[in-house]
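Here is a friendly walk through one model, moving from its aromatic rings to its core and its helix packing. Please keep the view open while you read.

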Amino acid sequence: MTKSEKFQLVENYIVENQNAHYRLAYSYVKNKESALDIIQESIMKALKSIDTLEQIQYLKTWFYRILINTSIDFINKNKRMVVVEDEVLDFHLPSNEMEIPDIDLYEAIDHLAPKQKTLIILRFFEDMKIEDIAITLDVNSNTIKTRLYAALRKLRSTMEEKVKA
């Protein structure tokens, strides 16, 4: 496959899945502008490193890995910044904005370690299979299962503490 064919496939994939990519980035930063910055940076990284995409059937997991790493890097670089959630700034969200039905769950997810948060987001919000998560994160699928169950236990514990409080 030529480089220009890869570029075309990557471009088509990004355009076709832009809502999923936005959702994933937004789930990390809870801010529209930051999520869009993350997506833009991820696209640039993907296009610069297109030669590392050896098998086109792994396009989704390849791009998700770039997007996740870019999101985590963004959080680490901006830890000292105070990010105000979009909902605080605009009480009348447009109908196409993500609605958050259970704020306690999302707050509990935000308090997980980045690796645990990634697993929860990919498995339950992006509906990825364990095997696909393993490929995306370049980790054994049994390790993914173990880490996912640990993250779920921590999440359950956090939610139970909130209910008791």
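Rings of Phe, Tyr and Trp (its six-membered ring) count as a pair when their centres lie within 6.5 Å; planes under 30 degrees apart are called stacked, those over 60 edge-to-face, and the rest tilted. With that rule, a search of the whole structure turns up two aromatic pairs.

| Aromatic pair | Centre to centre | Angle between planes | Class |
|---|---|---|---|
| Tyrosine 13 and phenylalanine 63 | 6.1 Å | 75 degrees | edge-to-face |
| Tyrosine 22 and tyrosine 26 | 5.6 Å | 35 degrees | tilted |

Before going on, a word on the ground rules. The model is predicted, with local features needing pLDDT of at least 70 and side-chain atom pairs counting only at pLDDT 80 or more, while totals for chains, interfaces and linings use all residues. Residues are numbered from 1 along each chain as its sequence is written, and side-chain values use heavy atoms, leaving out hydrogens and water.

**The rings in their setting**

Which parts of the chain does the edge-to-face pair link? Tyrosine 13 belongs to helix H1 and phenylalanine 63 to helix H4, 50 residues apart, so the pair links distant parts of the chain. Helices here are DSSP runs of H or I with at least four residues, strands are runs of E with at least two, and both are numbered from the N terminus. Both partners are buried (under 20% relative accessible area, with over 50% being exposed and anything in between partly exposed, for a 1.4 Å probe and protein chains only). The relative accessible area is 10% for tyrosine 13 and 1% for phenylalanine 63.

Contact means heavy atoms within 4.5 Å. Setting aside residues up to four places away in sequence, histidine 21 touches Tyr13, Ile14, Ile39, Phe63, Tyr64 and Leu67.

Two charged side chains lie over rings, with NZ of Lys or CZ of Arg within 6 Å of the ring centre and within 35 degrees of the ring normal. Lysine 60 is over the face of tyrosine 64, 5.6 Å from the ring centre, and arginine 123 is over the face of phenylalanine 124, at 5.7 Å.

**The core**

A nonpolar core is a set of buried Ala, Val, Leu, Ile, Met, Phe, Trp, Tyr and Cys residues joined through side-chain atoms within 4.5 Å. The largest one here has 40 residues, and Leu24 and Trp62 have the most contacts inside it. Helices H1, H2, H3, H4, H6, H7, H8 and H9 each give two or more residues to this core, and H4 supplies the largest share, nine residues. Beyond its neighbours within four places in sequence, leucine 24 contacts Tyr64, Leu67, Ile68, Ile121, Leu122 and Glu126.

**The fold as a whole**

The chain has nine helices and zero strands. Of its 165 residues, 36% count as buried. Among contacts between residues at least 6 apart in sequence, 69% join residues at least 24 apart.

How do H8 and H9 pack, and at what angle? Their axes, lines fitted to C-alpha atoms over the stretch in contact, are 8 Å apart at an angle of about 105 degrees (on a scale from 0 to 180 degrees between N-to-C directions). That makes H8 roughly perpendicular to H9 (65 to 115 degrees; under 35 is roughly parallel, over 145 roughly antiparallel and the rest oblique). Ile130, Ile133, Ala134 and Leu137 of H8 meet Ser141, Ile144, Lys145 and Leu148 of H9.
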